[in-house]
Amino acid sequence: MSPFLFVTDLDNTLVGDDAALLELNQKLAAHRQQYHSKIVYATGRSLYLYRLLAEAKSLLPPDALITAVGTEMYFDQQESQYDREWANILAQGWNRQEIAAIASQFTDLQLQPNSEQNPFKISYYLAEAVAESTLAELQAALKQKGFEIKLIYSAGQDLDLLPKNGDKGLAVQFLRRRWKIAPEQTIVCGDSGNDISMFEGQEKSLLVANAKPELLEWYAANQTEYNYLAKADCAGGIIEGLKHFGFI
Ligand code: GLC
Ligand code: MG
């Protein structure tokens with residue numbers, strides 16, 4: 001056995017089956033202690049919403065925490081050290097005020113709560129029925145003003161506007177480089193649209209059986225030896241994937 005980098009989304013991926021989560025926690029904690037494997041959570045939640053979840057569920061303290069769909073990264077376990085180097089990368093090509101002003105013209109977009117907004121993330125609710133057309137028009141309006149940013153739609157309801165340099169996948173690449181961990185020694189796990197960016201590299205990737213339609217669609221078009229669709233849901237699927245790729 002050798003050390004690996006374990007990266008997982010939280011809602012409906014790591015969290016969702018309490019019994020399986022306990023079993024997975026035991027395996028991961030033992031691996032971290034014995035082989036110095038690293039545990040990273042990559043969530044769409046803000047730090048505020050992450051803390052609420054961490055109080056409600058038994059989550060192992062992570063070695064790094066990626067929040068707000070990759071726009072924030074924290075390293076110490078008190079989650080107080082927001083990474084400035086990452087923030088400087090995100091700032092390129094981003095102008096929050098101007099982008100929000102363009103998006104405000106789209107009446108189908110409903111702003112999410114303040115806790116879910118940050119300097120590098122603007123988040124809305126968007127109904128599935130109008131999503132396709134709204135996304136195309138918004139993309140075009142942004143492009144016309146010179147903004148090449150990311151529009152990430154998840155679970156048929158959430159729309160995140162992110163800098164071109166920011167998403168969960170790019171945050172994981174940044175971490176891997178900082179820690180000098182090879183993609184083959186990395187596994188990323190997820191269930192919805194905001195996880196797709198983590199699956200596009202050469203890291204091993206695990207889709208839980210309860211993955212959302214947008215992720216299953218992506219999988220159908222992008223099957224490789226690096227990605228694995230589990231038969232079990234949530235943490236049970238993660239255990240299955242860790243065994244499949246020989247990490248445990
Ligand atoms: C989480 C965040 C929300 C985001 C969604 C999808 O639910 O709280 O702001 O839109 O993930 O990325
Ligand atoms: Mg999720």
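The shell around ligand 1 comprises two nonpolar, four polar and five charged residues, where Ala, Val, Leu, Ile, Met, Phe, Trp, Tyr, Cys and Pro count as nonpolar, Asp, Glu, Lys and Arg as charged, and the others, Gly among them, as polar. The model is predicted, and local features therefore need pLDDT of at least 70 and side-chain atom pairs pLDDT 80 or more, whereas totals for chains, interfaces and linings use all residues. Residues are numbered from 1 along each chain as its sequence is written, ligands are numbered from 1 in the order in which they are written, and side-chain values use heavy atoms, without hydrogens and water.

Among the residues around the ligand are Gly44, Arg45, Asp158 and Asn194, a residue being counted if one of its heavy atoms lies within 4 Å. Both domain 1 (5–88 + 166–244) and domain 2 (93–162) contribute to this shell, so ligand 1 lies between them; the domain bounds come from an automatic or database domain assignment. Oxygen atoms of ligand 1 make polar contacts (pairs of N or O atoms within 3.5 Å) with side-chain atoms of glutamine 112 at 2.5 Å, of glutamate 116 at 2.6 Å and of lysine 121 at 2.8 Å. Of the 310 Å² of accessible area that ligand 1 has on its own, the protein covers 85% (Shrake-Rupley method, 1.4 Å probe).

The structure holds zero disulfides, defined as pairs of cysteine sulfur atoms within 2.5 Å. The sulfur of cysteine 189 has its closest cysteine sulfur in cysteine 234, at 11 Å, which is too far for a bond. Cysteine 189 is buried (under 20% relative accessible area, with a 1.4 Å probe and protein chains only) at 0% relative accessibility, and cysteine 234 is likewise buried, at 6%.

Notes: A polar contact is a pair of N or O atoms within 3.5 Å; within protein, one must be able to donate a hydrogen and the other to accept it, and residues adjacent in sequence count only if both atoms are side-chain atoms. Buried means under 20% relative accessible area, exposed over 50%, partly exposed in between (1.4 Å probe, protein chains only).
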